[in-house]
Amino acid sequence: MARDNKLGDVMGAETLEVLKRRKQHRIASGVVQRNALWAAGTGFVPIPVLDSAATVAVQLKMLAELSDVYGVAFNKSSGKSVIAALTACITSGVLGRALLGTGIFSNIAKVMPVVGSTLSIVTMPGFNAAFTYALGRVFQQHYAAGGTMADFDAQKAEADFRRKFKEGLKFDQDEKTA
C-alpha cells in the first residue's frame, strides 16, 4: 500500500509539472500576442525616431514580462543587445533585402511628405508585429528550455527567428482579417 502512495505522489508531481508548463506556455503566448499587436500600433506613429523607440520599448516590455513568466532575471541592456543582434540577422541576406523594402526603407521614407507617410503606414505595422512576434516566440522557447537572458545566442537562434518572423507576418495578416 505504501508503494502505491509513492507511485501516486510521483505521478501527481509529474502531472502537476506538466500542468504548470502548459499554464506558463499559455500565459507566455498571450504576452507575445498582446505585445505583437502593440508593436503593430507603433507602426502608425508618423515620427521616424519616435516610432522606433516605441517599438523597442514594447519589445523590452515583452521580454521583461516573459522573464517574469519563466522566473528568469531580466536585464534591460541585454534585452537591447538581443534586439539589435536579431535586427542584424533579419536585415542580412535575401530575406533582409526584401525586408529592407518594408521596415528600414519605410522609416527613411517617412521624411518624404505624403508618399513616405503612406508607404510607412502600409508597411511598418506588419513589420513591427512580425519582428516582435518572432522575438517573443524565440524567447518563449529559449526560456521554456531553461535558458536565461545571459546565455541567449542570437547566432544560434537566427534560423528559428527567421521562421518565426515569417509566421509573424501570417499572424499579422490573420489579426487584420479577424
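Analyst: Start with a caution: this is a predicted model. Two packed helices are described by the angle between their axes and the distance between the axes. Here α2 and α3 are oblique to each other, a label that follows from their angle. That angle is about 120°, and the axes lie 10 Å apart.

User: Which hand does the crossing of α2 and α3 have?

Analyst: Right-handed, as α2 passes α3.

User: Which residues of α2 and α3 meet?

Analyst: From α2, Val56, Gln59, Leu60 and Leu63. From α3, their partners are Lys76, Gly79, Lys80 and Ile83.

User: How many residues does α3 have, and how far does α3 reach?

Analyst: Helix α3 runs over residues 76-90, which makes 15 residues. First C-alpha to last, α3 reaches 21 Å, close to the 21 Å expected at 1.5 Å a residue.

User: Which residues of α3 are buried?

Analyst: The general idea comes from the turn. An α-helix has 3.6 residues a turn, so residues three or four places apart point the same way. In α3, the buried set is Gly79, Val82, Ile83, Leu86, Cys89 and Ile90. Down the axis of α3, these buried residues fall within an arc of 120°, so they line one face of the helix.

User: Is Ala85 buried, partly exposed or exposed?

Analyst: Ala85 sits in α3. Its relative accessible area is 28%, so Ala85 counts as partly exposed: the buried class stops under 20%, and the exposed class starts over 50%.

User: How far apart are Ala85 and Ala154, in sequence and in space?

Analyst: In sequence, 69 residues separate Ala85 from Ala154. In space, their C-alpha atoms are 6.3 Å apart.

Definitions and conventions. Residues numbered from 1 in each chain as written. Predicted model: local features only at pLDDT ≥ 70, side-chain atom pairs only at ≥ 80, totals over all residues. Heavy atoms only, no water. Helix = DSSP H or I, 4+ residues; strand = E, 2+ residues; numbered from the N terminus. Expected span 1.5 Å × (residues − 1). Buried < 20%, exposed > 50% of the residue type's maximum accessible area, 1.4 Å probe, protein only. Arc of directions from axis to C-beta. Axes fitted to C-alpha atoms, helices over the stretch in contact; angles between N-to-C directions. Parallel < 35°, antiparallel > 145°, perpendicular 65-115°, else oblique. Left-handed = near helix turned anticlockwise from the far one by under 90°. Contact = heavy atoms within 4.5 Å.
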